[in-house]
Amino acid sequence: MKVRLLPSPQSLLLHLAVIAALLAANWLLPEYHRGVVSRVLVLAVFAMGYNLTFGYGGLLSLGHAMFFAAGLYGAGLTIYHLDWSIWPAFGAGIGAGLLLGLVVGALALRTSGVAFMIVTLMFSQVFYLTTLYFTTYTRGEEGLILQQEVRSLEFAGATFDLSDPSTRYLAGLALFSLVLLFTLFIIRSGYGRALIAIRENDERMRMLGFNVFANRLVALAISGMICAAAGAAYAVLFGYVGSTLASTQYSILPLLWVLLGGAATTLGPLLGTLVMFYVIDIASSHTTAHLLVVGLVLIFLVLFFRRGILGTIRARWLPWLP
Amino acid sequence: MAAMTATILHTRGLSRSFGGVRAVDNVDFDLEEGEIRAIIGPNGAGKTSFVSLICGRIASDAGEVWLEGQDISQMPAHQRVRLGIGYTFQITSIFPNLTLLENVALAVQSQARTNSFLNLSSRRLNDSAHEALLRVGLGERSGELAGNLAYGHQRLLEVAMGIALKPRVLILDEPTQGLSESETQGFITLIRQIAATTTILLIEHNMDVVMALAEKITVMDQGRVLAEGTPAAIRANADVQRAYLGEQP
């Protein structure tokens, strides 16, 4: 029972198998479902970013919409107004998320618990209202629509049309895979172990010589970057850049997805996002009161699967799940 | 021989009040390198507050703390730990969901100054952690969850985490509290071994432990240093007897 700083072979295999299955799904899924899953993949990246601070870091933020939106606008505005191409625009989105993560973290991490929730919520609200204030450039809730001709990606000497359903799915999967493996490696690393231990007992970690503030700040910066990457990808893959995606609802959603799939599990965010999408999809085809069904599912979850789907599976059957 | 000792840690005018109560009141304190020092005193004398000021867990109102010629008064706790002030908690504070080895590995990771995930070899991490567990006699149980250990063994794990930090000064806050008689004897032997390489500052209520271990005793009462000296001198001190020992049955 050694301490490993790398993922175990079986967990690595599991993650690669999940990626392979998702890859195969591109050709197996009917058109409608492929569309749903490509959206799920991008939003699962958002959830994975959220999971890093919430699940592994124990920091309950209610403002992650701002990081998603930072990426969305960082990429969207530069493409729309400055005619940047996809790669630099994507970089601008990630950079915006990183910067915002560092600034918000430096201020919000002076608080903890409920105060941290409120401070992050307020920062996010400021971001949302800012996007509305500059309606001239953002067109507010109506949003900017990125046309098909600007959504082409130069990669390895070829040009890909990101509005094509298959290309879009594969691009979403590429980003998802990258972030999934990154998460898997980082939580097993020395840094990740320290982050998790700080969640369990921060005072103990301080007295072991760890800089708790710096450790959390790094987590928030990485989380901001990942969420921004999801936002930037959303802009270029789905072509919509609007304030709705910066609203409080988009701070609550990743929390729900992560709770449903299992906080502090690597695959939980994907599973939670996927299940939630299909619950809404199926419920709304039968009733207009689909949010009622979602509410009931959540109540059921909290009562019987408090650790989420994968968290429960890990606790009962598969303790090696990362 | 006696003249060759060097001061490793000292405080000057160290003070801290909590809502009008002077928990630590203008304390000047000198700790010699390599010694085992016990701090004793009645409940509420300010012993834990005093060592908390030394290791930075709480901020001081006034005064200075020096470690090996360096003023560390303004440093945050984690930095003091890295400079060599190890602290073990009065109330056992371990990670119950982690194995013993993982618990100690966190201390090793901190000591190796690799908060990062790049330059720490997994072998070195495991070897150092295992070595610390062997020293406290928990080497064969390294794979068990810390939460499943009996209380006495959790205290030993605390100490293992303390020595894995390779501190210059190790502060032990009531380490034998709640231990059985035989466990306490084992603890005394262990602390003697650790003292061969580390200066020890010990808060302790059990006078048998204090007399068995301490080379010098500092008596605190109402936030101040009441007396300081060898165990024999402290035993004979009339003030101490009044304030503290006299209350013992």
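This is a predicted model: local features need pLDDT of at least 70, side-chain atom pairs count only at pLDDT 80 or more; totals for chains, interfaces and linings use all residues.
## Two helices of chain A

Two packed helices are described by the angle between their axes and the distance between the axes. The crossing is right-handed.

On the H12(A) side, the contact is made by A:Val279, A:Ile280, A:Ala283 and A:Ser284. H13(A) contributes A:His290, A:Val293, A:Val294 and A:Val297. Sorted by class, this contact has six nonpolar residues, two polar residues and no charged residues.

## Two domains of chain B

Chain B is divided into two domains. Domain 1 is made of the segments 1-84, 169-183 and 199-249, while domain 2 runs over 91-166. The centres of the two domains of chain B, taken over C-alpha atoms, are 26 Å apart.

Eight residues of domain 1 of chain B are in contact with seven residues of domain 2 of chain B. The domain 1 side of this contact has four nonpolar, two polar and two charged residues.

## Where the chains meet

Chain B puts 30 residues into its contact with chain A, and chain A puts in 22. Helices H2 (77-83), H3 (100-111) and H4 (122-135) of chain B each supply at least two residues of the chain B side. H3(B) gives the most, with seven residues. By class, the chain B side has 14 nonpolar, 13 polar and three charged residues.

Terms used: Residues are numbered from 1 along each chain as its sequence is written. Chains are lettered from A and ligands numbered from 1 in the order in which they are written. Domain bounds come from an automatic or database domain assignment. Two residues are in contact if their C-beta atoms, placed from the backbone, lie within 7 Å. Ala, Val, Leu, Ile, Met, Phe, Trp, Tyr, Cys and Pro count as nonpolar, Asp, Glu, Lys and Arg as charged, and the others, Gly among them, as polar. A crossing is left-handed if the near helix is turned anticlockwise from the far one by less than a right angle, and right-handed if clockwise. Helices (H or I, at least four residues) and strands (E, at least two) are DSSP runs, numbered from the N terminus.
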